[in-house]
Amino acid sequence: MYRWVCLLLVMATIVGRSTAQDMCGYKKCSALPVKPGYVNVHLVPHTHDDVGWLKTVDQYYYGANNSIQIAGVQYILDSVIPQLEMKPSRTFIYVEIAFFYRWWREQDADMRERVRKLVNNGQLEFINGGWCMNDEASTHYNAIIDQMTLGLQFLNTTFGECGRPLAAWHIDPFGHSREQASLFAQMGFDGFFFGRLDYQDKANRLKYQNMEEIWRASPDDLGPAADLFTGALYNHYVPPGGLCFDIGCGDQPVEDDMSLHDYNVANRVGIAVNTSLEQAKHFRTDHIMWTMGSDFQYQAAHTWFKNMDKLIAHTNSMENTKVNLLYSSPSCYVYHKNNASAAPPVVKFAHNNTADFFPYADQPHAFWSGYFTSRPAFKGYVRRCNNLLQVCKQLEVIGGPKFSDKVPLPTSERLREAMGVAQHHDAVSGTEKQHVANDYAMRLHAGAVECQVTLLYLLQHDSLLCSFAFQTTRAYQTYIMRIMCLNDLVIVSMTLQQRMAKDSALPPIPEFCNYLNISVCPVTENELIKSFTVTVYNPLARQLTGYYVRLPVNGDAFEVITDPKGINVITQVTKVSPRTQEIRGKRGKATHELVFAVTAPALGFSTYFVSQSSNISREKLPKNEMMTSRPRSLGEDQEIHNEHISVVFDGKTGLLKSVVNLETKVTLKVNQGFYWYNSSAGNNKASSRKSGAYVFRPNSTEAIPIQPEKSVITNVVSGQVVQEVQQMFSPWVSQAVRLYSGQRHVELEWTVGPIPIKDGLGKEIISRFDTDIMSNSTFYTDANGREMLERVVDRRLTWKLNQTEPVAGNYYPVNSRILIKDKSKQLTVLTDRSQGGSGLKNGSLELMVHRRMLYDDGYGVGEPLNETGVFGDGLVVRGKHYLLLDTPESSGQLHRALGEQLYMAPSILLSLAGSISPAQYRKDFHTNFTALKRELPSSVHLLTLEMWEDDTVLMRLENQLQKAEGGTTQNVSLPGLFKTFEVDVDSVEELTLGANFPAANLQRLTWNTESGQTKSEALRCWDAGTTTVSLQPMQICTLRFKLQRNQA
């Protein structure tokens, strides 16, 4: 995999690029045999190939494990290619590039040339173009952009302009995000098609001919640049009834030999004509689309094409039918729909939808809102791996060439691909079989390990900072091999090693501790180790201040010395909680945690030196204020506070009682606790639908509290660095509420599991905040970590809802934050992973943190969502919520800054210091480094920094504030921005969001709407004259440039 880009570049130079003679794209569409005055039926031959679901990715590709499902993707492509070559009128679309790339890699030069010809003449067309067809509820926008970029880059490198998809195709995800549409529009797509929308919404749209509209995906910020022609497919994504010609279908083929008894042309044509005319009643213009395919179809493609050839020929030869069947594609359908709508009489499409398509229900009592939380541990792991991948890609740019002359190093490619697969709508969604979930996690781990190795190298041995002589010595080669042979080490750590080295000194090898959340780290908890270093890499483009590190240690006295002056840092040592000791088992033995604040420069690192304290310094350490089972005085409230926030717990129950912002004097009365919904087992009178991986269906609208009769508080820790209230709600639900010095938010670390099931009841666990905010049944959730959307209980924006599930029908995806507010105060809760959430009652806000069911919901997985965890008794999940309280006017900038810090958290590396003293360490190694000469503005986020083709760099800058949050236009000058290299401003090229097309050349199709005409140009950001990037609120700027590496 590591050399595929170079190989493809060579091949593309020889024969891969499209030419003026090619008949792909809209040039191909203009030549299609459409007939004015007829119902033109665009037949779209396609296969929907899940990148894992019931079988793993490998099993699906090779056709293995067919006892589960008969599906082999390689055979689909093997079968389709010769069938397309037989007749130039035939077409086929392909979507999942993770599979196509694998198949392409196996083909010889002859087959590759045959495929290129089919692509260049428009017969084989790539639609969507991402590594997968990503989920839209549980995915973060950063990961969506990355996986789309990975697929689009391959297509562009391999096929040139003819490989560029013109339409988006999300036919199977279970609900659709407004932000997804906005991203697609920014990538330059002209249309977006999906298969799933609420059954009531669909009925309403069919009635009023609104199955297709211009979706306003960013009405208040990006405006027309995010408008997108969007179509809901008439027949999901399967063929019309009676017209499925796959070898696995039971429908009759077209038997057109008149001498045979079973001659059925009239029947087949009759179905085609009647179906066409009926469908046409619900659509504007005389163009409709049929999806001719389904899951893993076309393994025997001749059965499809032979029968479609006949159906087209016989239908089109019938007189007076006014129906014209033709081979087509989604992009050609959009092209002809656009042309037809512009011709008199002009068709004006609806332009009033500023909402999304969540939650999705395909029938009464079946809301697919459970998967917003399903497999919470995996959702958390995906988010952490995305964090690591961004760090890894940054350091590949900062660190320079990734290969020495003698020892090749791993790259970020494996993690890029694994993350691309993980965004699939049956991966991070949590709707796959358990063995498939295990396979996804394994792939992420393998990719993460390689990224960590490279980071280690680039940190310690930067070619600019250590001597060339050292890099070419046997000692250097031995050192690299030593790193690569350590399984659990791994581009992030190696890049940072480069940057730490000053000369030829051999630096200590840093390690990652991946289980710090349960206080496990062999480096720091070894009693024989007297000192170690902590290196903090900050991937943000501004200084990180007041970030707290918690390290497991043995003993209660440590001091932390930091560069550059060796100043003592205030620390606190707290006991490891009993709950943490319980869930980590024998994996760790630390008795305490060392807690201290770190500061790291923008796009850089700081190194801290930690050693055991002397007897003198022990006396100066803050003491832990401990308590056992109840507050000091029965009935007395318990308070913790810092300079910004006060948090009060009820003296009787131990539950959170109030929060006060000490600066603004905003006071919130709040009761926070854990509850569970009893999952439906299908024995409800209203419906037999069960709760499962997809569906959330509680047996009651009232959640059951998880709370003992006595106070839930088991311990209070007081100190100068952190104050903490530990709560135990049940043997399987606990929480630590923390206030760190200087921070403006409250951290709630929850631990849930194993969820008990011996009572035969499935359970769906929530954390709920009941407040005095007058929210008026209104709450707000983020769309994939970007724009905030208003939600109103039991209401849909464009249609009237008949609510059948008062709880599940009001659940929405929460990717990064949820909030409620009134005129004077706003409560924002940020998450560390995607979850389902709602605000069912006035002043209430809830987040589902874990689920465990005993029944399958009947939508294909075929097994209950019953994760048994490491020890077989049930999965334990630990996560965090972050609570912000302020005025509505001030909250936006606060939660944006915190949200950025959470998903782009620093990477922590630890090294044994051995006998090296702090002074000697600072003399031998760099302990402070930044790759920037100046920080970016506070609202500008460095979204992407990665190596690209031809030794260029791809960079995305994002203005992460909305206008409603105080966002304004931000400017960034590129010259002199970076310290380790200079941007060659003459080479800067502005691209569309997917980085596969020049923004200056983009001309999207324009549409007539009820409120005017849409715009065709991209929203531009790069001014070559001033060498400045200008960003409107929520705008993302994608640039590619050459760099000139600095020598100092």
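1. The whole structure contains 53 aromatic pairs, counted where ring centres of Phe, Tyr or Trp (its six-membered ring) lie within 6.5 Å. The model is a predicted one, in which local features need pLDDT of at least 70 and side-chain atom pairs count only at pLDDT 80 or more, while totals for chains, interfaces and linings use all residues. Residues are numbered from 1 along each chain as its sequence is written, and side-chain values use heavy atoms, without hydrogens and water.

2. One of these pairs joins Y60 and F296, with 4.3 Å centre to centre and 15° between the planes; it is classed as stacked, the term for planes under 30 degrees apart.

3. The domain assignment of the protein chain places domain 1 at 30-364 and domain 4 at 940-1045, among others. Their C-alpha centres are 31 Å apart. With contact taken as heavy atoms within 4.5 Å, 41 residues of domain 1 meet 33 residues of domain 4.

4. About 3,200 Å² is buried between domain 1 and domain 4, and carbon and sulfur atoms give 54% of that area. Buried area is the accessible area (1.4 Å probe) lost by two parts on being put together, summed over both.

5. On the side of domain 1 that touches domain 4, α7 (141-159), α8 (178-186), β7 (227-232) and α12 (330-342) each supply at least two residues. The most come from α7, with nine residues. This side divides into 21 nonpolar, ten polar and ten charged residues, with Gly counted as polar.

Methods: Domains from an automatic or database assignment. Helix = DSSP H or I, 4+ residues; strand = E, 2+ residues; numbered from the N terminus. Phe/Tyr/Trp six-rings, centres within 6.5 Å; stacked < 30°, edge-to-face > 60°.
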